[in-house]
Amino acid sequence: MIYLLRKDVHNIMWPISDLWSLISKNPSITISIASLAISLYTLWRQRKRITISFDPALFVLDPKKDILVLDEPYPFASDVAFWFTIHVINPSNVNLSFFDLRVFDPDTNKNHFILTKKTMVETLSHFPIHLRPYGPDGYTADIPEHNYGSIKAGDVMRLDIIVIRNLDAPLGDELTVSLKVPTTSIFHRSRFSNTDRKIYRAYAFWLGKGFSCSKLPTGTNTKG
């Protein structure tokens, strides 16, 4: 029995020792293997990775009194707004970007408006936005510049998303927020995209599932 075990070990170790002897006698093979290992490691380090988390806390605001610029209500025509946050983490060592940030009704695919620096009134876009989701106590929101942006390698980005209801779009039992990153994907594409950009990896989160957004009182904090 012991002899058979020794024989098996010998049979396994023989090709390994023979391969090592071949490598040690040919420095060019050693260099090639080392170069291949370094290339694979570099490729692994430079792969595009991004983590996106949507804060499930959804606040319902009255645009005419809960969203302030220069201590005055921002001029909205809509009757209701929503506020939640997104955290974007880029753990890779390459810069990445996101695009097609949108909030919409999943049943009709119609967009609601996202407040960004670009969509604000130009004379007010340089001033901070103060929210009052809890009453008199204010919160300074960090809204995105556009519905797209970039995130540096190894960086973390927090975005305050203020959604203004589109009066021409329905407001049902839930809202869907989604965005894409420039990495082609087969299994994580956006089924809501109406453009040729649906081939890119999409992230989506459903807000307010299980209740009617239109019936929530101002200042409500609910979980999606």
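This is a predicted model: local features need pLDDT of at least 70, side-chain atom pairs count only at pLDDT 80 or more; totals for chains, interfaces and linings use all residues.
Residues are numbered from 1 along each chain as its sequence is written, and side-chain values use heavy atoms, with hydrogens and water left out.

Leu70 has a positive phi of about 55° although it is not a glycine, and it is partly exposed, with a relative accessible area of 48%; on this scale buried means under 20%, exposed over 50% and partly exposed in between, computed with a 1.4 Å probe on protein chains only. Asn109, in the loop between E6 and strand E7 (111-114), is another residue other than glycine with a positive phi, near 65°.

Two strands are said to pair if DSSP finds at least two bridges between them. E3 and E4 belong to an open sheet of four strands in the order E4-E3-E8-E9, with antiparallel pairing, whose edge strands, E4 and strand E9 (139-141), each pair on one side only.

Turning now to E5, we find a strand that is mostly covered, with seven of its nine residues buried. E5 pairs with E1 in the antiparallel sense over four bridges, and here Phe54 has Ile86 as its bridge partner. Three bridges join E5 to E2, again antiparallel, with Leu61 standing opposite Ala81. Nine bridges join E5 to E11, also antiparallel, and in that pairing the partner of Ala81 is Ile164.

What does the largest nonpolar core contain? It has 27 residues, and those with the most contacts inside it are Ile50, Ile52, Phe82, Phe84, Ile86, Ile161 and Val177; such a core is a set of buried Ala, Val, Leu, Ile, Met, Phe, Trp, Tyr and Cys residues joined through side-chain atoms within 4.5 Å. Among the elements that give two or more residues to this core are strand E1 (51-54), strand E2 (57-61), strand E5 (81-89) and strand E11 (156-164). A second, separate core of 18 residues includes Ala81, Trp83, Met120 and Leu131. Phe84, for its part, touches Asp55, Ala57, Leu58, Val103, Leu159, Asp160, Ile161, Val163, Val177 and Leu207, not counting residues up to four places away in sequence, where contact means heavy atoms within 4.5 Å.

Finally, the second largest pocket. About 160 Å³ of space lies in it, and its lining includes Phe98, Asp142, His146, Tyr148, Met157, Arg158 and Leu159. A pocket, on a 1 Å grid over the protein atoms alone, is an open set of points where a 1.4 Å probe fits, with protein on both sides within 12 Å along at least five of seven lines, and lining residues have an atom within 4 Å of a point. The volume is the space filled by probe spheres set on the points, which are joined across faces, edges and corners. Strand E10 (149-151) and E11 each supply at least two lining residues, and the largest share, three residues, comes from E11.
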